[in-house]
Amino acid sequence: MMRFETLKTLALTLLILGCWSFEALAQQGRPPLRKHTATKSQPLKLVPANKRVSGGAVDISQSGNSIRIKSNGVPTHPVGAFPNRGNPHAISRQRYNFKVAANPRKAARTNASLRTLFGVGLNGVPFDPGAGEFWQGNPRGGWQYEALGGAVPLGLDANYAHVQPGGIYHYHGLPTGLMSQLGWSASKPSPLIGYAADGFPVYAITANISGRVKKMRSSYRLKSGSRPGGSAPSGRYDGTFVQDYQYVAGAGDLDECNGATVRTAEYPNGTYAYFLSETFPVIPRCFKGQVDRSFAKRR
């Protein structure tokens, strides 16, 4: 796990290096990275979620100060057809045994990890927002394609999810099927959606703020102007790359980790919580607490 001395350093490193997910590098035996040259964001073409995968199983239990989420990673909501044109893998059962703190605490420093899943939904499916796709296939160049930017087709289904090698189904954006199953509504505070790897709860978009339902807005914004060009991609900052965005403190309701302190049905006395937002980063990309090793990405 990487630690950063200041929030400024964290935000700068995340945005310049796009370090959230080097999934193509972190796993041994993977083929070489694809070399992409696209520089313009495109509307997402989501695969309709009209297929069902049988056998989904999850068990959530608490013992002492720990919560265990055991699952096979198979969603119980409809999914897209996999394999598909943008994603050559089929969903297969996993053996997850995640552990989080039942009473998480903030760490001294905000942190991020190159090889850590962000968290897990209540259905046992992981949140893993970053894509292992880079400008010219070069992760050291510092230009990582944003999974929801549309410039590189990833075969995402209507749950903003697809499948990694090894059959791992995972969310890159709002888990719409899960949210529907849990009764999420724009007119109500979000139900609990899942847990982050540091134990803090995850909600989606809405919260109860001073007795009113409020949409929690991300504080990330597109940079103005154009990319450098030359050895870097050209074109305007339009969301093609993670590095097209920057954190602007106070621009929205959420901090640099897409979190805020709120009161919820599960935490009536208040808690720090992460939010899945409607705009970038959608799924948070850093942590406020200590990440459990059970969320390490598989090689």
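User: What share of the 299 residues counts as buried, and what does buried mean?

Analyst: The share is 53% of the chain's 299 residues. Buried means under 20% relative accessible area; exposed is over 50%, and partly exposed lies in between (1.4 Å probe, protein chains only). The model is predicted: local features need pLDDT of at least 70, side-chain atom pairs count only at pLDDT 80 or more, and totals for chains, interfaces and linings use all residues. Residues are numbered from 1 along each chain as its sequence is written, and side-chain values use heavy atoms, leaving out hydrogens and water.

User: Why does His170 count as buried?

Analyst: Its relative accessibility is 1%. The limit is under 20%, so His170 counts as buried. His170 sits in strand E11 (residues 168-171); a strand (E) is a DSSP run of at least two residues, numbered from the N terminus.

User: What makes the pair of Ile168 and His170 a polar contact?

Analyst: The backbone oxygen of Ile168 is 3.0 Å from a polar side-chain atom of His170. A polar contact needs N or O atoms within 3.5 Å, one able to donate a hydrogen and the other to accept it; residues adjacent in sequence count only if both atoms are side-chain atoms. The 3.0 Å distance is inside that limit, so the pair qualifies.

User: Which residues touch the most other members of the largest nonpolar core, and what makes a set of residues a core?

Analyst: They are Phe118, Tyr169, Tyr171, Tyr274, Phe275 and Leu276, in a core of 51 residues. Strand E19 (residues 271-276) contributes the most, with 5 residues. A nonpolar core is a set of buried Ala, Val, Leu, Ile, Met, Phe, Trp, Tyr and Cys residues joined through side-chain atoms within 4.5 Å. In soluble globular proteins, nonpolar side chains tend to be buried together.

User: Are Ile205 and Asn258 buried or exposed?

Analyst: Ile205 is buried, because its relative accessible area is 3%. Asn258 has 0%, so Asn258 is buried as well. Phi is positive in Ile205, near 70°. In Asn258, phi is positive too, near 60°. Ile205 lies in the loop between strand E13 (201-204) and strand E14 (206-209). Asn258 lies in the loop between strand E17 (245-247) and strand E18 (259-262).

User: How do you know that the peptide bond from Phe82 to Pro83 is cis?

Analyst: Its omega is near 0°. Pro83 is in the loop between strand E4 (66-71) and strand E5 (96-101). A cis peptide bond also joins Phe280 and Pro281, with omega about 10°.

Methods
Helices (H or I, at least four residues) and strands (E, at least two) are DSSP runs, numbered from the N terminus.
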